[in-house]
Amino acid sequence: MVTGYGLEDGEILIGIKMTNKVWKQRERQVAKFFGTHRTPLSGGASRHTRSDTLHKKIFVECKYRKKHAVIKLWNETNEMAKKEKKTPVVALCEHGKPGFWVMMHSADLKNIATYICKLLEDNDDSKYPEKK
C-alpha cells in the first residue's frame, strides 16, 4: 500500500487510478438496499446531507469495521435461534432510557417487518410507545 501523495489511509495507488475503498462499496450496497444512492463525499464534506445515503426519509450511518462487538452477540444469538428454527433479533436496551434498539441481519428485515406490521394491525398501537 502506498500512503502520502494526497491519498487517505487505506487507498491504493495503481498507476494513476485509485481503487474504490471497500467502505464506499459497502455504503453503495446499503444505499441500494434502502432504494437510494450513496451520498457523494458523505459525512461533513457533503453539501447534500450528513447521512451516508441520499434517502429522503431515513438517515443511514454505515460503519465498516473488521469487527463490531454487537455482531459477536448477534452470532451467538443466531446459533441459538437456528436450533429452535427461529429468526435471530438482538434487542439492545439501556438503563434509564425508554424503548430499545433492534439489531437483525438485513436478509431478515423484510420478514420481521412484515410480522411487526401484522402485529400492529391486529393489536392496540398504544402497546408500542413512540421513540423519545
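The protein chain contains three helices and four strands, where helices (H or I, at least four residues) and strands (E, at least two) are DSSP runs numbered from the N terminus. Along the sequence these elements follow the pattern β-β-α-α-β-β-α. The model is a predicted one, in which local features need pLDDT of at least 70 and side-chain atom pairs count only at pLDDT 80 or more, while totals for chains, interfaces and linings use all residues. Residues are numbered from 1 along each chain as its sequence is written, and side-chain values use heavy atoms, with hydrogens and water left out.

The chain as a whole may be described by its surface and its contacts. Of its 132 residues, 19% count as buried; buried means under 20% relative accessible area, exposed over 50%, and partly exposed in between (1.4 Å probe, protein chains only). The accessible surface comes to about 11400 Å², and 56% of this belongs to carbon and sulfur atoms. Such areas come from the Shrake-Rupley method with a 1.4 Å probe, and for residues only the protein chains shown count as cover. A contact means heavy atoms within 4.5 Å. Among contacts between residues at least 6 apart in sequence, 18% join residues at least 24 apart.

Thr36 counts as buried because its relative accessibility is 14%. Leaving aside neighbours within four places in sequence, Thr36 is in contact with Ala31, Thr53, Leu54 and His55. Thr36 and Leu54 are 18 residues apart along the chain, and their C-alpha atoms are separated by 6.1 Å. The side chain of Thr36 also reaches the backbone nitrogen of His55 at 3.3 Å.

Val102 belongs to strand β4 (residues 101-103), and Val102 is partly exposed because its relative accessible area is 47%.

The cysteines remain to be considered. A disulfide is a covalent bond between the sulfur atoms of two cysteines. With the criterion of a pair of cysteine sulfur atoms within 2.5 Å, a search of the whole structure finds zero disulfides. Cys62 is buried, at 17% relative accessible area, whereas Cys117 is partly exposed, at 43%.

Terms used: A polar contact is a pair of N or O atoms within 3.5 Å; within protein, one must be able to donate a hydrogen and the other to accept it, and residues adjacent in sequence count only if both atoms are side-chain atoms.
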